[in-house]
Amino acid sequence: MTKAVYNDMGFEFKTDDFTALRQNAVDELKKCGFGLVSEINLPEKFKAKLNKDFRPYIILGACSPAIAFKAVNKEPDLGLLLPCNVCVGETTTKGTFFCKVINPLVMFSLINNKDLEGMADEIVAKLNKFLDAMKKIYS
C-alpha cells in the first residue's frame, strides 16, 4: 500500500469567494470520478441547532461508486467509513481557506482486510488528482 500521511492530503490558500471555492471543489471532484453523495454546511447547521455563527466550512461526501461497490462487497464493515470526506472552509485566520481530504489509507487501515489495499491506492490517486486540480486553481 502507498504510504501517505493525513497532513499531506490538503493545503491552505487565500481567496475571497467561498461560493466559487465550494463550486470548484464539487466540479473537480466530479472530473476525478467522484459523485457527491452528501453536503454538510456547518454554519447553517450551527445556526439552526445552536443559534451560533460559524466561519464558512462545508463537508462534502465524495464517493467513487464503482470502487465503493467493489469494496463494500469485499468488506461490508467498510460502509461505516464511507463516503470520503472532503472539507473546504476558512481557517481560524480570516481570509485563509483550506481544502483537505480524509486519507483513504488511514480509513482502510481501520478495517484490516488486505483485499482492500489496491482500492485504497486507487482512491488516494483520485484524491491527489483532485487536490492537484484545486491547487492549480488557487495558486
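## Lining of the largest cavity

Helix α3 contributes the largest share of the lining of the largest cavity, 3 residues; helices (H or I, at least four residues) and strands (E, at least two) are DSSP runs numbered from the N terminus. Both β3 and α3 supply at least two lining residues each. The lining consists of A62, C63, S64, I67, A68, A71, L78, L82, P83, C84, F108 and I123, and it divides into 11 nonpolar residues, 1 polar and no charged. Here Ala, Val, Leu, Ile, Met, Phe, Trp, Tyr, Cys and Pro count as nonpolar, Asp, Glu, Lys and Arg as charged, and the others, Gly among them, as polar.

The model is predicted: local features need pLDDT of at least 70 and side-chain atom pairs count only at pLDDT 80 or more, while totals for chains, interfaces and linings use all residues. Residues are numbered from 1 along each chain as its sequence is written, and side-chain values use heavy atoms, with hydrogens and water left out.

## Cavity search

A search of the whole structure finds 1 cavity of 30 Å³ or more. A cavity is a set of points, on a 1 Å grid over the protein atoms alone, where a 1.4 Å probe fits but cannot get out; lining residues have an atom within 4 Å of a point. The volume of the largest cavity is about 90 Å³, taken as the space filled by probe spheres set on the points, which are joined across faces, edges and corners.

## Backbone features

The peptide bond from L82 to P83 is cis, with omega near -5°. P83 lies in the loop between α3 (65-74) and β4 (84-90), and both L82 and P83 line the largest cavity.

N51, in the loop between α2 (42-50) and β3 (57-63), has a positive phi near 55° although the residue is not glycine. N51 counts as exposed because its relative accessibility is 58%; buried means under 20% relative accessible area, exposed over 50%, and partly exposed in between (1.4 Å probe, protein chains only).

Helix α5 (residues 117-137) has 21 residues and reaches 31 Å from its first C-alpha to its last, close to the 30 Å expected at 1.5 Å a residue (1.5 Å times one less than the number of residues). Its buried residues include I123, F130 and M134.

Key
1 Å grid on protein atoms, 1.4 Å probe; cavity = no way out; pocket = protein on both sides within 12 Å on 5 of 7 lines; lining within 4 Å.
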